[in-house]
Amino acid sequence: MSAVDRANYVVDKSDAYHDSPQPIGHGATISAPHMHAYASEHLLPYLNPGARVLDVGSGSGYLAAVLHHLVSPGGKVVAIDHIPALVDWSVQNLKNDGLGAAIDKGELVLVAGDGRQGYASAGPYDAIHVGAAAASVPQSLIDQLASPGRMFIPVGTFMQFIEQIDKDKNGKLTRTKVMGVRYVPLTDKEKQTDEL
């Protein structure tokens, strides 16, 4: 995380280093740094050089940058968000943070789309991070998780928990509730707002 300057990924640069979520527009937030650290730590056994990672609800691109550094050299991070304006902004943020060459080489791929459907054409993924709460775990994400692989996903509506979902080499799933959280919902663009 120290290789990525959070100030390149927030709207209000004066709050960039506060350990709190920050609004980034369109009803979305960038998670607090401790949550990004927690997600990275849980996924770390699967974040090796050459690994494939999917970052769902990628927002400003911050965690995609962190994940890129963890799977380099040879890895690939696909970051997907359903709000095209956030995807465009995240591309600029990553370039401002010195990762333009990684985008040009296809090591960092940014996609506007429904993250609940994943991005099957670049999978399977050794690790999947979901940065918004799903009412239930999307089957498409489970299907795109490699064997072995791990997903870190907030699940629930009012009561939310981070779930760590492990798929073993035979495809058997183990789901572990890690902790209670409060995330923005993994939703349709139509349900988001254009306000900060």
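**Exercise 1. Salt bridges**

Task: State how many salt bridges the structure holds, and describe Lys 105 with Glu 107, Asp 114 with Arg 116, and Asp 166 with Arg 150.

Solution. 

Step 1. The model is predicted, and side-chain atom pairs count only at pLDDT 80 or more. The structure holds 4 salt bridges.

Step 2. In one of them, Lys 105 pairs with Glu 107, and the closest N and O atoms are 3.8 Å apart. The cut-off is 4 Å, so this pair qualifies. Lys 105 has a relative accessible area of 60% and is therefore exposed. Glu 107, at 22%, counts as partly exposed.

Step 3. Asp 114 and Arg 116 form another salt bridge, with 2.9 Å between the closest N and O atoms. Asp 114 has 30% relative accessibility and counts as partly exposed. Arg 116 is also partly exposed, at 24%.

Step 4. The side chains of Asp 166 and Arg 150 meet in a salt bridge at 2.5 Å, N to O. This pair links distant parts of the chain: Asp 166 belongs to strand β8 (residues 160–167) and Arg 150 to strand β7, 16 residues apart. Both Asp 166 and Arg 150 are buried.

**Exercise 2. Aromatic pairs and a charge over a ring**

Task: Find the aromatic pairs, give their geometry, and say where each ring sits in the chain.

Solution. 

Step 1. A pair of aromatic rings is described by the distance of the centres and the angle of the planes. A search of the whole structure returns 2 aromatic pairs.

Step 2. Tyr 9 and Tyr 62 make an edge-to-face pair, with 5.6 Å centre to centre and 75° between the planes. The label follows because planes over 60 degrees apart count as edge-to-face. Tyr 9 is in the segment before β1 (22–25) and Tyr 62 is in helix α2 (residues 62–71), so the pair links distant parts of the chain, 53 residues apart. Tyr 9 has 0% relative accessibility and counts as buried; Tyr 62, at 3%, is buried too.

Step 3. Tyr 38 and Phe 152 are edge-to-face as well, at 6.5 Å centre to centre and 70° between the planes. Tyr 38 lies in helix α1 (residues 33–43) and Phe 152 in strand β7 (residues 145–155), 114 residues apart. Tyr 38 is partly exposed at 27%, whereas Phe 152 is buried at 1%.

Step 4. A charge also sits over a ring: Lys 177 lies over the face of Phe 161, at 4.5 Å from the ring centre.

**Exercise 3. The nonpolar cores**

Solution. 

Step 1. The largest nonpolar core has 36 residues, of which Tyr 9, Leu 47, Val 53, Val 77, Leu 94 and Leu 108 touch the most other members. At least two residues each come from β2 (28–30), α1, α2, β4 (76–81), α3 (84–96), α4 (100–104) and β5 (108–112). Helix α2 gives the most, with 7 residues.

Step 2. Burial in α2 can be checked directly: 8 of its 10 residues are buried, including Leu 63, Leu 67 and Val 71.

Step 3. Leaving aside residues up to four places away in sequence, Val 77 touches Val 53, Ala 64, Leu 67, His 68, Val 71, Glu 107, Leu 108 and Val 109.

Note on methods:
Residues numbered from 1 in each chain as written. Heavy atoms only, no water. Phe/Tyr/Trp six-rings, centres within 6.5 Å; stacked < 30°, edge-to-face > 60°. Helix = DSSP H or I, 4+ residues; strand = E, 2+ residues; numbered from the N terminus. Buried < 20%, exposed > 50% of the residue type's maximum accessible area, 1.4 Å probe, protein only. Lys NZ or Arg CZ within 6 Å of the ring centre and 35° of its normal. Core = buried A, V, L, I, M, F, W, Y, C linked by side-chain atoms within 4.5 Å. Contact = heavy atoms within 4.5 Å.
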